[in-house]
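Please find below a short note on the model under review. The points run from the whole chain to local features.

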Amino acid sequence: IKWELEDISLRYIDPKQYYRIVNLMNKKRKEREQYLAEVIEMIKKQLHESNIEVIDVSGRPKHIYSIYRKMINKDKDFSEIYDLIAVRLIVGSIRDCYAVLGVIHTMWKPMPGRFKDYIASPKTNMYQSLHTTVIGLKGEPIEVQIRTMDMHKTAEYGIAAHWAYKENATTSDVIDEKLQWFRQMMELQKESKDAQEFVESLKIDWFSDAVYVFTPTGDVIELPAGSVPLDFAYRIHTEIGDQCVGAKVNGKIVDFDYELKTGDIVEIITSKQSFGPSRDWLKIVKSSHARNKIRSWFKKQQREETVAKGKEMVEALLKKYQLDKNEMLEPELLTSAINKFNFQDADDMFAAVGYGGISASQIVHRLMEEKKKDQPDLSLDVSSNKVISLPHVKSLRKPNHNYGVKVKGMDNLLIRLSRCCSPLPGDEIIGFVTKGRGVSVHRVDCPNLGMVTKERRVPVEWCSDLGKWYQVDLEVSGLERSGVLSDVLQAVTDVKTDCTAVTARGDRKRGLVNILITVNIRNYNHLKSLVERVKRIPDIYTVRRIMQ
């Protein structure tokens, strides 16, 4: 695919050279085919005499762009390009590969510096083959590739064919080994901050010349040409790189900027007391893998400080609002805030606060919104015995002697609703007999009932035919901002009721506002609708039904 794309691209980029090379190749096609056939016949005959079985021997065509590039880079004319002839041999085993190589080198003289053993040291993409160039018939260079069928399938169809081709190649260990190059590429992508850096990393690590060095145990490590011991250390393991304090090459201490050469045996000296990478290392290392690991180390150090700073800012704001940090930073509330602002985890969120990506108030407001949802249905302290004293609020209620309440089994009794807990139709209620004022009706959770003896209590119930209005006092708390009071009053209007009294107090130091309102309500469900509507107002934290 790569060859085809290159040839097609050349046809549009430089059509004159493209068609010139095509015509020249066509003119020499018969000569080349005849020459190639003669070479292949000689190889087959020699291998047969050496008792080496060959699966296939074929000529490999040289693609047009490859010839064009050689003409440009080496400033040669077409007539000076000699290695247009290439032969590929496929044999049954690795042992046969080297046996065939010996036969070829016996037949023709190898060209110096033109032999590459990709079987002992495979390319990063698992490509394996023996490459050699010899001076063949009539003094013309012949490029020879020798490989097994397994290697050929890898070269032709990719890494998937390589591990699927062998029997018993479905084990996780084999697949893990074969796909190591893919994991390295994915790691590069993860470490790169953007697409441009990722492509640059690929160009450096994957499309550059390589050196092959050895660990002290004999494992081969492939690195980009020009790599230094630090590149080797980070390729072995991140911690080895971070704790590196020195290096030995071929048994001798070397500097960190020593350029590794193919065949070097490298040993890394580490220390747990190491202070970690130096920023100067970024200028020394060659591979993007090592560079990204070093950057990650510095980023991690800075990140820990940033996370701590961001968390302190959020906790300080919670303290300013007199909110319990342990209660507000519980996992359920944090998870909601994390998802709301699209962070990976709490540390990411606090880090964003620390470096100014998001404000602490945004986080706190979100936590408060979620806290509202976690409160009981009305958040009215109905189930508690807490009494909120409001001496500064004067009730504007007018007397009403027909409250829709009756004493069970008795008629024509004077009944009044207590002003301390303001019961509503739908509330559980109980009455007690007062001196000269009839039966006083309270909610069953009213703390004032504790002062009443059981003998004075009487069962009461709501009449089925209601339709009356009842006044209820509510306390609304939230964050101080412009327009919050008008939003609350609008909510009262939205549920088709009215406000008969309102008091608002702001605390600028704490950034909070406290609103006390008296509203006309038909029943418990009507009150519930109002409370839920008020709770939906941004920056409102709690809504309570208060007792005097």
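**Note on the predicted model**

1. Among contacts (heavy atoms within 4.5 Å) in the chain between residues at least 6 apart in sequence, 65% connect residues at least 24 apart. The model is predicted, so local features need pLDDT of at least 70 and side-chain atom pairs count only at pLDDT 80 or more, while totals for chains, interfaces and linings use all residues. Residues are numbered from 1 along each chain as its sequence is written, and side-chain values use heavy atoms, with hydrogens and water left out.

2. The chain contains 20 helices and 21 strands; these are DSSP runs numbered from the N terminus, helices being H or I of at least four residues and strands E of at least two.

3. Of the 548 residues, 42% are buried, that is, under 20% relative accessible area with a 1.4 Å probe and protein chains only.

4. An open sheet of mixed pairing has the strand order β13-β15-β14-β16; strands pair if DSSP finds at least two bridges between them. β13 (415-417) and β16 (457-458) are the edge strands, each with a single partner, so one side of each has no neighbour in the sheet. β13 pairs with β15 (residues 439-443) in the parallel sense over three bridges, and L417 has V441 of β15 as its bridge partner.

5. L485 belongs to helix α19 (residues 484-494) and is partly exposed, at 31% relative accessible area (the class between 20% and 50%).
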